[in-house]
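Hi,

Here is the structure I promised to pass on to you. Have a look at it first, and my notes on what turned up follow below.

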Amino acid sequence: PVETAVVTAPPDDITAVNAEIGVFAERFAAAGIDQVLVTGQSGLAWASGNEGTDYRPELRVTNYNSIQAFANDPAGRDLSVLDGTVAGNLYSPSQRIWELPAMQECIGVLEEAGVEVPEPDSLPEDAGALYQAGITACRDVALFRALVESAGEELDYGSLVAGADGL
């Protein structure tokens, strides 16, 4: 890579995150970078922080959901930030994730608890990603459950590490 950057601002300090992304954008633009690889959940932070600049590299995003939150923001965003973006995900689009049998089982638990997780394709485009929190919670809890079950009866740091290695 020509340049790398890691956000160090606290994730709950949006102003600091956006300022840091703005500095990255200036640095990348000065280096002539025309493609930026954005990993994990950083797509939303990159797009939000870069929105106020004129720098528009093509993005390569490893988590479709993080950038979808930006694109579907009901408040409206400058979508030119996403021109030329290519995003990947383990499964996609969101409707297919929502339809998975294990996801439906988890969504049933959430809905019994009073948390609505609407079908993605049933929502108007300007509604935002109202289903995303439920899908993310289900995926994260499934991963946590697999980790804890793999760790065994004696749950401590060592057994969690061993359990993770066994997944």
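Glu51, Asp73 and Arg77 are linked in a network of salt bridges; please keep in mind that this is a predicted model. Arg77 pairs with Glu51, and the closest N and O atoms of the two are 2.9 Å apart. That pair links distant parts of the chain, with Arg77 in the loop between α3 and β3 (86–87) and Glu51 in the loop between α2 and β2, 26 residues apart. Arg77 also meets Asp73 in a salt bridge, again through their side chains, at 2.9 Å from N to O.

How exposed are these residues? Arg77 has 28% relative accessibility and Asp73 has 24%.

Another salt bridge joins the side chains of Arg56 and Asp78, at 3.0 Å from N to O. Arg56 sits in the loop between α2 and β2 and Asp78 in the loop between α3 and β3, so this pair ties together parts that are 22 residues apart in sequence. Arg56 is partly exposed, with a relative accessible area of 27%, and Asp78 is partly exposed as well, at 31%. In total, the count comes to five salt bridges.

Now for the nonpolar side of things. The largest nonpolar core has 18 residues, and those touching the most other members are Phe28, Val36, Trp46, Tyr55, Leu59 and Leu82. At least two residues of this core come from each of α1 (14–30), β1 (35–38), α2 (42–50), β2 (58–61) and α3 (64–71). Which element gives the most to this core? That is α1, with five residues.

Not counting residues up to four places away in sequence, Trp46 touches Ile21, Phe24, Ala25, Phe28, Val36, Val38, Tyr55, Pro57 and Leu59. There is also a second, separate core of nine residues, which includes Trp98, Ile107, Leu110 and Val117.

Back to α2, the helix that holds Trp46. What covers the buried residues of α2? The cover includes α1, β1, β2 and α3.

Happy to hear what you make of it.

Best wishes

Definitions and conventions
Residues are numbered from 1 along each chain as its sequence is written. This is a predicted model: local features need pLDDT of at least 70, side-chain atom pairs count only at pLDDT 80 or more; totals for chains, interfaces and linings use all residues. Side-chain values use heavy atoms; hydrogens and water are left out. A nonpolar core is a set of buried Ala, Val, Leu, Ile, Met, Phe, Trp, Tyr and Cys residues joined through side-chain atoms within 4.5 Å. Buried means under 20% relative accessible area, exposed over 50%, partly exposed in between (1.4 Å probe, protein chains only). Helices (H or I, at least four residues) and strands (E, at least two) are DSSP runs, numbered from the N terminus. Contact means heavy atoms within 4.5 Å. A salt bridge is a side-chain nitrogen of Lys or Arg within 4 Å of a carboxyl oxygen of Asp or Glu.
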